[in-house]
Every structure is written in structure tokens, then in C-alpha cells.
Amino acid sequence: MCFERIIFWDIDGTLMHCGNDGTKALNLAFAELFQIEDALTGVKVGSVMDYTLVNRVFAKHGISEDRLEEVKLRYIENLKRILSANHTKRVLPGVIELLDLVQQTGTAVNALLTSNFKVGAMAKLASVGLADYFEIGAFGDAPGEKWHSAEDCLAGLSSAWGRLIDGSDAVLIGDGGYDIECAKRIGMRSIAVATGWTAPDILQELNPDHYFSDLRNTERVRRILNI
Ligand SMILES: [Mg+2]
């Protein structure tokens with residue numbers, strides 16, 4: 001199926017909150033496999049793709065990059081268990097209404113644009129009932145930055161849909177500076193939402209195309225998304 005527009009969603013702090021369950025699950029994987037406690041402490045965790053994050057830990061401790069799949073497997077087992085025990089995880093305001101509105105258009109499609117490994121992304125979404133909204137996405141499984149992953153995703157859609165799809169065909173909704181930077185780098189419009197960890201004034205200073213404190217005013221967001 002082809003669409004005119006892609007609505008890219010960040011996950012953590014934008015679609016949902018699950019605290020720092022991802023960090024906990026990855027720290028536990030490193031503790032179990034390599035007896036390294038708090039592996040992510042002292043490694044830059046924000047604004048970085050999961051692939052890069054894990055490789056930074058590998059480099060710091062002299063672990064072979066060949067162990068990546070093993071780490072991912074242990075991470076996802078831990079994450080699913082931690083998420084199921086987290087009773088404060090939640091979908092953020094307005095999100096389900098907007099996902100439904102996009103889905104109903106037939107001209108736009110919901111897609112993921114996240115730093116998470118794909119397995120982690122889907123586990124987080126499944127834990128709050130959002131997984132079925134997404135068949136398209138860009139994830140943190142390869143070297144590079146968020147905008148490289150977004151470009152790869154758009155290139156894949158170009159092939160699948162038989163026409164050139166680029167940033168001008170997409171809008172990004174995200175809660176962090178990394179999201180806004182990603183949108184600017186590939187010519188996407190950006191909607192910043194202050195439901196994550198970035199302070200509202202800092203988010204606004206980054207000059208997103210649109211800014212919301214949260215997405216509960218779905219009518220306003222709908223107009224911006226042109227759906
Ligand atoms: Mg986020």
C-alpha cells in the first residue's frame with residue numbers, strides 16, 4: 001500500500017513512558033553476561049542509537065563487537081520482564097486518538113523513528129498496546145545517527161512505492177533535541193512535544209516547526225499533520 005505522507009513517531013517520551021526500563025534491561029544484560037555493573041553509567045545514553053550505545057560499552061571494556069546479538073537477546077528477555085512488572089508505564093495524552101486519525105486517512109501512515117533496537121521498540125509498544133499501529137519504522141540497529149536511519153527508511157519506501165520519498169513527505173513528532181535535529185537534517189517538518197525529559201524552554205529554543213506541551217489537543221495537531 002502506498003501513502004502520500006509519513007508520520008514518524010519517536011517512542012520514549014513521545015508515544016509512551018516506561019521510565020528507564022530500557023536502561024535497566026541493558027544494564028542487567030551486561031551484568032549477567034560480562035559481570036559489569038551499571039555498564040551504561042559514564043557512557044552517553046541520550047541522543048544516541050542503541051547500536052552505538054552498546055558498542056561504546058564494548059569499547060570501554062574491551063569486549064568483541066561479535067557479542068552484539070547475544071546482548072540484544074538478553075536485553076529483550078530482561079526488558080519484557082521489567083516492562084510487565086512496571087505498573088506506571090503509560091501511553092501519553094492524545095497519542096491513541098492521533099494514531100487512529102492517521103490510520104483512518106488512508107493517505108498518511110504511522111511510522112516509527114527511534115533510537116531503540118527494533119526488538120526493544122516493539123516490546124515497549126506491545127507492553128502498552130501500541131505495537132499493531134506500526135508496520136513501518138526506522139530503528140537503532142545499525143551504525144550511524146537517527147537521520148541516517150530515517151533516510152534508509154525513506155529510501156526503502158521509495159523502492160516499495162515506486163516513487164521518490166524524502167523528508168518533505170514526512171513529519172516527525174518527538175520529545176528531544178535529537179528528534180528536532182534529525183528532522184532538520186533531512187528536511188522534515190518537526191512537531192516537538194514536551195512530554196519527555198527535555199525541558200520545554202530548551203525544546204522551544206531548538207526551533208521546531210511546531211511545539212506542544214502535550215498532544216491532547218488532537219484537533220490542532222491534526223490540522224498541522226494535514227489529515
Ligand atoms: Mg524520546
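Which residue in β7 is the bridge partner of I173? The views below take up this pairing and its surroundings in a predicted model, where local features need pLDDT of at least 70, side-chain atom pairs count only at pLDDT 80 or more, and totals for chains, interfaces and linings use all residues. Residue numbers start from 1 along each chain as its sequence is written.

View 1. The bridge partner of I173 in β7 is I191, and that of L172 is S190. Helices (H or I, at least four residues) and strands (E, at least two) are DSSP runs, numbered from the N terminus. Strands β6 and β7 run parallel and are joined by 4 bridges; two strands count as paired if DSSP finds at least two bridges between them. Strand β1 (residues 5-9) is also parallel to β6, again with 4 bridges. In that pairing, I7 stands opposite V171 of β6.

**View 2. Both faces of β6 are covered.** A residue is buried if 20 or more other C-beta atoms lie within 10 Å of its own, exposed if 12 or fewer, and partly exposed in between, with C-beta atoms placed from the backbone. In a regular strand the side chains alternate between the two faces of the sheet. A170, L172 and G174 point one way from β6, while V171 and I173 point the other way. Strand β7 is mostly covered as well, with 4 of its 5 residues buried.

**View 3. R189 in strand β7.** R189 belongs to β7, which covers residues 189-193. R189 counts as partly exposed because it has 18 C-beta neighbours inside 10 Å. Neighbours within four places in sequence aside, R189 is in contact with V171, A183 and D209; contact means that the C-beta atoms of two residues, placed from the backbone, lie within 7 Å. R189 and G167 are 22 residues apart in sequence, and their C-alpha atoms are 7.9 Å apart in space.

**View 4. Domain 1 against domain 2.** Domain 1 consists of 5-17 + 90-225 and domain 2 of 21-85, with bounds that come from an automatic or database domain assignment. The domain centres, taken over C-alpha atoms, are separated by 24 Å. At the boundary, 19 residues of domain 1 are in contact with 14 residues of domain 2. On the domain 1 side, the elements that give two or more residues are α5 (118-127), α6 (146-161) and α7 (177-185). Helix α5 supplies the largest share of that side, 5 residues. By class, the side of domain 1 that touches domain 2 has 6 nonpolar, 9 polar and 4 charged residues. Here Ala, Val, Leu, Ile, Met, Phe, Trp, Tyr, Cys and Pro count as nonpolar, Asp, Glu, Lys and Arg as charged, and the others, Gly among them, as polar.

**View 5. The buried side of helix α3.** Helix α3 (residues 68-85) has 18 residues, which at 1.5 Å a residue should span 26 Å; its end C-alpha atoms are 26 Å apart, in agreement. The expected span is 1.5 Å times one less than the number of residues. The buried residues of α3 are V71, K72, Y75, N78, L79, I82 and L83. They cover an arc of only 140° around the axis, so they lie on the same side of α3; the arc is that of the directions from the helix axis to the C-beta atoms. Their cover includes α1 (21-34), α2 (50-61) and α5. Exposed residues E69, E70 and S84 are on the face turned away from the buried side of α3.

View 6. Helix α1 has 14 residues and reaches 20 Å from its first C-alpha to its last, close to the expected 20 Å. Buried in α1 are D21, G22, A25, L26, N27, A29 and F30. Among the elements covering them are α2, α3 and α5. Just after α1, Q35 takes a positive phi of about 55°.

**View 7. Positive phi in two loops.** D38 is found in the loop between α1 and α2, and its phi is near 45°, a positive value in a residue other than glycine. D38 is exposed, with 11 other C-beta atoms within 10 Å. N207 is found in the loop between α8 (200-205) and β8 (210-212). N207 is not a glycine, although it has a positive phi of about 55°. N207 is exposed, with 11 other C-beta atoms within 10 Å.
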